[in-house]
Amino acid sequence: MSDPAEHAAAFAALEAQVTGCRACPRLVAWREQVARTRRAAFADQTYWGRPVPGFGDERAHVLVLGLAPAAHGANRTGRVFTGDRSGDFLFAALHRTGFANQPTSVSRDDGLALDGVWVSASVRCAPPANTPTPAERDACAGWLDRELALLAPTLRAVVVLGGFGWQAGLPALARAGWQVPSPRPAFGHGARVRLSPGPDAPAHAHDLDVVGSYHVSQQNTFTGRLTPQMLDEVLASVR
């Protein structure tokens, strides 16, 4: 899709469809319950309480793929990885590696702009205990498929945060026409596989480097399992 206005309109249409989705009853009930009850620290805020679309540069050469919105993060702010400690860690790294104009991400209107990167999630609604079911992951797969189709002409790399995203991302890339080895490569921090477009890939698709990183969850960042340097190295490798 070479026309910029048409390309932007396609992303806007996708966002409108994502944010209106009610496909998974458990996720709908949970995200809306959290939005009604709220955390005490955010009691004066109106929560987003809907599916969270992807965000970033619509001509990105890198896709960062996470797990799902946090209940009091993106489910509150309406922007992926925004308003929680995981997002603080990720966007600081994106800023250090030249993908973001600022190191913080606190709200949809905070002035954050991304250059060369699109950030998205395998599941678009906040799940209970931050744990989507496989069925919920599969129900959300079509949104990632649509994003990949729109990003394909410029996309050169995918950074996958965590094993859940790896399990969602590689099948999505296979459905989109890239040739994924069988058996699928195992996830690990720094795991890397180069995929070539097959005959069913989108027009103008390129070879794609898929790189794994431990997720930016507090469980990993507070314990030192994932350090800023480790994430910077992964992002710099696809810059």
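Which residues line the second largest cavity? Let's start there, and keep in mind that this is a predicted model.

Okay, here's the list: Leu63, Leu65, Leu144, Leu148, Val158, Val160, Gly169, Leu170, Ala172 and Leu173. Two or more of the lining residues come from each of these elements: strand 2 (62-66), helix 5, strand 4 (157-161) and helix 6. Helix 6 gives the most, with 4 residues. If you sort the lining by class, you get 9 nonpolar residues, 1 polar one and no charged ones. The space inside comes to about 50 Å³.

Now, how many cavities of 30 Å³ or more does a search of the whole structure find? The search turns up 2. So much for the second; let's look at the largest one. The largest cavity holds about 80 Å³ of space. Its lining is Cys21, Ala23, Cys24, Leu27, Arg31, Pro51, Arg124, Cys125, Ala139, Cys140 and Trp143. Helix 2 (25-37) and helix 5 (134-151) are the elements that put two or more residues into that lining. Helix 5 gives the most here, with 3 residues. By class, that lining has 9 nonpolar residues, no polar ones and 2 charged ones.

How much space lies in the largest pocket? About 540 Å³. There are 27 residues lining the largest pocket, and the closest to its centre are Ala70, Ala71, Asp84, Ser86 and Gln218. Helix 4 (85-96) and helix 7 (218-221) each supply at least two lining residues, and helix 4 gives the most, with 3. The classes in this lining are 14 nonpolar, 9 polar and 4 charged.

Find it in the loop between helix 6 (163-175) and strand 5 (178-179). Is Ala176 buried or exposed? Ala176 counts as buried, because its relative accessibility is 13% and the cut-off for buried is under 20%. And what does it touch? Leaving out residues up to four places away in sequence, Ala176 is in contact with Leu148, Asp200, Ala201 and Pro202. One more distance for you: Ala176 and Leu151 sit 25 residues apart along the chain, and their C-alpha atoms are separated by 11 Å.

Definitions and conventions:
Residues are numbered from 1 along each chain as its sequence is written. This is a predicted model: local features need pLDDT of at least 70, side-chain atom pairs count only at pLDDT 80 or more; totals for chains, interfaces and linings use all residues. Side-chain values use heavy atoms; hydrogens and water are left out. Buried means under 20% relative accessible area, exposed over 50%, partly exposed in between (1.4 Å probe, protein chains only). Contact means heavy atoms within 4.5 Å. On a 1 Å grid over the protein atoms alone, a cavity is a set of points where a 1.4 Å probe fits but cannot get out, and a pocket is an open set with protein on both sides within 12 Å along at least five of seven lines; lining residues have an atom within 4 Å of a point. Grid points are joined across faces, edges and corners, and a volume is the space filled by probe spheres set on the points. Ala, Val, Leu, Ile, Met, Phe, Trp, Tyr, Cys and Pro count as nonpolar, Asp, Glu, Lys and Arg as charged, and the others, Gly among them, as polar.
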